[in-house]
Every structure is written in structure tokens, then in C-alpha cells.
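This report describes one protein model, topic by topic. Please keep the sequence and the structure in view while reading.

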Amino acid sequence: MSYAIAAPAVPSLPILGSDARFPVRRIFCIGRNFADHAREMGATVDPGQPMFFCKPADAVVTDGADVPYPGATAELHHEVEMVVALAGGGRDIAPELAGALIFGYGVGLDLTRRDLQAQAKAKGHPWDVAKAFDHSAPVSALRPVEQGRPGPQTQLTLLVNDVLRQQATLEAMVHDVPAIIAALSKLFELKPGDLLFTGTPAGVAALQRGDRFRAELEGVAVLEGRIA
Ligand code: MN
């Protein structure tokens, strides 16, 4: 079998302590998973009903790389989030079994064209142009679970130009990681290579060309980069 055109490259992330890379299949994101962020967006949290959207796998930008300022927006926002990488998958996964499917953890930015998102919300349109654009998913190197997992007291932090923008502990998440995996697997068959962006706390704000960002999941992962 041969392809009629060159096959697209497999997007991938580096792994701490390994020369192997993590191949990215899909990127699933949860919205409104911290009550303080839902409030700042004028929304409310539905504890029974997680809200999901997706980004393409090739939206990943690796640690240290420049992120080009996207076109079609004047309001590029940062959302710092814990990222979960799956080594296993399935459908209708029970929360108790979800932890065993996790390959490792990282930290990422769910970059958002906030102006286009506001327009989409007002018109009842989908969020793709606001969320799923090229280079919209900078992600750190992944820390395999054998090297340690984040806990409820682990802090998620974002500095922009050395100034604190966002900070929260993971216990503030409305839906924890097992609950997210269980809910997602009722909607999609999850597979090895999937990444989950697990929601952002309050403090989302604009990024400008030239801004340097430093996202950290305490003791687990660091992501640094620059808006070019
Ligand atoms: Mn988000």
C-alpha cells in the first residue's frame, strides 16, 4: 500500500527521562471545570454534565518553541491546564479503572481566540475556530506515572513575563480526572495517544506578541515559550 501524497507526520511530545516520544492521536478538552473560571466567563458549572470540545492533534507546540500569534483574532487568551496523556483507552470506562489508563501528566495552554468564542456563543455556533486553530495547544514534556502523579494539593500556575496570571490547586476541579475519563468514554472511544486538557482556573487574560509564558504543574512539568 502506498499513499497518493506524503502521509502527514505524527504529532508527538517528549517524555521526561526517555528518548522515546509520546504520539498524539486526539486532544480532548473539558470546559468550565473550575467554578471561579466559569464565573469569570459569565457561565455556571453543571456538576452532572461535563462540557467537551476538541483540538486537532497537530495543534500541539512543544516546550520551548515559539507560538505564532494566530490570525483572525485581536484577543488571544491563555488558559493554563493540567494535561493527561493516555496509554490505554476504551468505551464506558468506570472511574475506578481510569487511573490505570494514564501514561503520564504534563501542563499545557488551551489557547483561545476569545473574541471569536464570544461571537460563536452569541450565535449558537460551534467553538472550533476559537479553540481548534493551528498551534493552539502548547504542551510540556510528559512525566510518566512511574515518576509520580499530581495530587489534590498540587498547584497549577501560569506566569506571563514573570507576573502571576493564574494559580489554583487541583482540588478545585469540578470533575476530577477519573470522572473526566469516564464521561468522555461515554461519548468517544478513547485510545492510546489521546491527550486530555482538564480545565483552567480563573485569571484567563490576553497574550501579546513577545510575551513569555511559564506554566507549571508543581513537581510534575514545566512549559516555557514565547508568543512570536
Ligand atoms: Mn480550557
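## A covered strand

How many of the residues of strand 8 are buried? In this predicted model, strand 8 is mostly covered, with 7 of its 7 residues buried. Val 80, Met 82, Val 84 and Leu 86 point one way from the strand, whereas Glu 81, Val 83 and Ala 85 point the other way. The residues of both groups are all buried.

Strands of a sheet pair through backbone hydrogen bonds, and the pairing is either parallel or antiparallel. Strand 8 has an antiparallel pairing with strand 9, made over 7 bridges. Within this pairing, Val 83 stands opposite Gly 106 of strand 9. Strand 8 is also joined to strand 15 (residues 195-197) by 3 bridges, and these two strands run antiparallel. Here the bridge partner of Val 84 is Leu 196 in strand 15.

## The manganese site

Which residues coordinate the manganese ion? They are Glu 79 and Glu 81, each through OE, and Asp 110, through OD. Along the sequence, the donor residues follow the spacing E-x1-E-x28-D. Glu 81 and Asp 110 link distant parts of the chain, being 29 residues apart. Glu 81 belongs to strand 8 (residues 80-86), while Asp 110 lies in the loop between strand 9 (102-109) and strand 10 (112-113).

## The cavity

The structure holds 1 cavity of 30 Å³ or more. The space in the largest cavity is about 130 Å³. Its lining is made of 19 residues, and those nearest the centre are Gly 31, Arg 32, His 37, Glu 79 and Trp 127.

Which elements supply at least two residues each to the lining of the largest cavity? They are strand 3 (27-31), helix 1 (35-40), strand 4 (51-55) and helix 3 (114-123). Helix 3 gives the largest share, with 3 residues. Sorted by class, the lining has 7 nonpolar, 5 polar and 7 charged residues.

## The largest pocket

The largest pocket contains about 230 Å³ of space. It is lined by 13 residues, of which Met 82, Pro 150, Asp 176, Val 177 and Pro 178 lie nearest the centre. Strand 9 and helix 5 (177-184) are the elements that contribute two or more residues to this lining. By class, the lining of the largest pocket has 9 nonpolar, 2 polar and 2 charged residues. Met 82, one of the residues nearest the pocket centre, is also one of the buried residues of strand 8.

In what order do the strands of the open sheet of 5 strands lie? The order is 6-17-16-13-14, and the pairing is mixed. The edge strands are strand 6 (66-67) and strand 14 (163-169), each of which pairs on one side only.

Strand 6 is joined to strand 17 (residues 221-227) by 2 bridges, and the two strands run parallel. In this pairing, Asp 66 has Arg 226 of strand 17 as its bridge partner.

A disulfide is a covalent bond between the sulfur atoms of two cysteines. How many disulfides does a search of the whole structure find? The search finds 0. A disulfide would require the two sulfur atoms to be within 2.5 Å.

Cys 29 counts as buried, at 0% relative accessibility, whereas Cys 54 is partly exposed, with a relative accessible area of 35%.

## An exposed loop residue

Gly 17 is placed in the loop between strand 1 (12-14) and strand 2 (21-23). At 86% relative accessibility, Gly 17 counts as exposed. Gly 17 and Ala 141 are 124 residues apart along the chain, and their C-alpha atoms are separated by 9.8 Å.

Terms used
Residues are numbered from 1 along each chain as its sequence is written. This is a predicted model: local features need pLDDT of at least 70, side-chain atom pairs count only at pLDDT 80 or more; totals for chains, interfaces and linings use all residues. Side-chain values use heavy atoms; hydrogens and water are left out. Donors are N, O and S atoms within 2.8 Å of the metal (3.2 Å for Na, K and Ca); water is not among the atoms, so sites may look incomplete. Helices (H or I, at least four residues) and strands (E, at least two) are DSSP runs, numbered from the N terminus. On a 1 Å grid over the protein atoms alone, a cavity is a set of points where a 1.4 Å probe fits but cannot get out, and a pocket is an open set with protein on both sides within 12 Å along at least five of seven lines; lining residues have an atom within 4 Å of a point. Grid points are joined across faces, edges and corners, and a volume is the space filled by probe spheres set on the points. Ala, Val, Leu, Ile, Met, Phe, Trp, Tyr, Cys and Pro count as nonpolar, Asp, Glu, Lys and Arg as charged, and the others, Gly among them, as polar. Two strands pair if DSSP finds at least two bridges between them. Buried means under 20% relative accessible area, exposed over 50%, partly exposed in between (1.4 Å probe, protein chains only).
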